[in-house]
Amino acid sequence: MSNMAMRFSGKVVLITGASSGIGFGAALRFAREGARLAVTGRNKDALQKLVSECEKNGSNKDSVLPIVGDIGDDKFRENLIASTVNKFERIDVLVNNAGVISMGSCEAMSMNAYDHMFNINVRAPYHLTKLAIPHLRKTKGNIVNVSSVNGIRSFSGVCAYNMTKSALDQLTKTVALEVAADGIRVNSVNPGVIITELQRRGGLDEEQYAMFLENSKRTHPLGRPGNVEEVASCIAFLASDEASFCTGNLHSVDGGRGVLGVR
Ligand SMILES: NC(=O)c1ccc[n+]([C@@H]2O[C@H](COP(=O)([O-])OP(=O)(O)OC[C@H]3O[C@@H](n4cnc5c(N)ncnc54)[C@H](OP(=O)(O)O)[C@@H]3O)[C@@H](O)[C@H]2O)c1
């Protein structure tokens, strides 16, 4: 692999929600580019699979640390940062990617589902950001939050999810201001529909999901949903020194849906 592609040699990247979808793809991308990784999620088998995939993609043995746990738990998040620093002695990049969706309008959504989404999509990245800043200050590192086109634009039937992603975008922009003087950058990627497990885990059955993907051809000006690699490459760009003058950006990876797309 050429040096150009090894943007993360010597760097330590912590990725939440790495057991599936965008987080899994981002971890592989960082592995190919030389990073050491702390990867987390609840699904232990999926994280083990990720470790072996990273090794096939160039990671040295022992340079990918899987940490199994519930990101909704305060104590676990403290352990996550502590275990990463304990193992690698630094953090260069935090990718706040873990997220959940529950379908439902404001009227229909249960308050339990609301609380769960806010806990995973907002409280967890807020807390991890707070815990990571002292370590990022030492490395002049950066944070990439995985938000959504739903943070920027309103879509009916997913009110609380939209709200969590708007809150995450405000976290990105405000913390970017708060830590800019320390040389820490904070950005987000805001994907459109990406083919992962998210919507099926959020309640769509196979038939509804097939229709949702079909509809994405109409709602995304580029005429299709996106794939995990297209988001991973943008995360890696924002996390790399190539984005050294980017902070507080909400970077759309949405086939044009946010600004131009039909609902
Ligand atoms: N797919 C899309 O269309 C799309 C579009 C815009 C934004 N996004 C955002 O992209 C991010 C990644 O989602 P994805 O599409 O890749 O979905 P996914 O395939 O369902 O993956 C979600 C990840 O989040 C983790 N997670 C969820 N709840 C958790 C918990 N309580 N504790 C620990 N980890 C938890 C899951 O890990 P475990 O199950 O192992 O715990 C999994 O690794 C989310 O923030 C999502 O909102 C996705």
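Let me start with Tyr-161, which is found in helix H6, residues 159-179, where helices are DSSP runs of H or I with at least four residues, strands are runs of E with at least two, and both are numbered from the N terminus. This is a predicted model, in which local features need pLDDT of at least 70 and side-chain atom pairs count only at pLDDT 80 or more, while totals for chains, interfaces and linings use all residues. Residues are numbered from 1 along each chain as its sequence is written, and side-chain values use heavy atoms, with hydrogens and water left out.

Tyr-161 has a relative accessible area of 7%, and therefore counts as buried; buried means under 20%, exposed over 50% and partly exposed in between, with a 1.4 Å probe and protein chains only. Leaving aside residues up to four places away in sequence, Tyr-161 touches Val-100, Ile-101, Met-117, Asn-121, Ser-148, Asn-150 and Leu-198, contact here being heavy atoms within 4.5 Å. Met-103 lies 58 residues from Tyr-161 in sequence, yet their C-alpha atoms are 8.0 Å apart in space.

Cys-159 is partly exposed, at a relative accessible area of 29%. Across the whole structure, the search finds zero disulfides. Cys-54 is accordingly in none, and the nearest cysteine sulfur to it, that of Cys-234, is 20 Å away. At 0% relative accessibility, Cys-54 is buried.

H1 (residues 21-32) and H2 (residues 44-56) pack at an angle of about 25 degrees, with their axes 9 Å apart; the axes are lines fitted to C-alpha atoms over the stretch in contact, and angles run from 0 to 180 degrees between N-to-C directions. That makes H1 roughly parallel to H2, because angles under 35 degrees count as roughly parallel, over 145 as roughly antiparallel, 65 to 115 as roughly perpendicular and the rest as oblique. From H1 the contact is made by Phe-24, Ala-27, Leu-28 and Ala-31, and from H2 by Ala-46, Lys-49, Leu-50, Glu-53 and Cys-54.

Methods. Disulfide = S-S within 2.5 Å.
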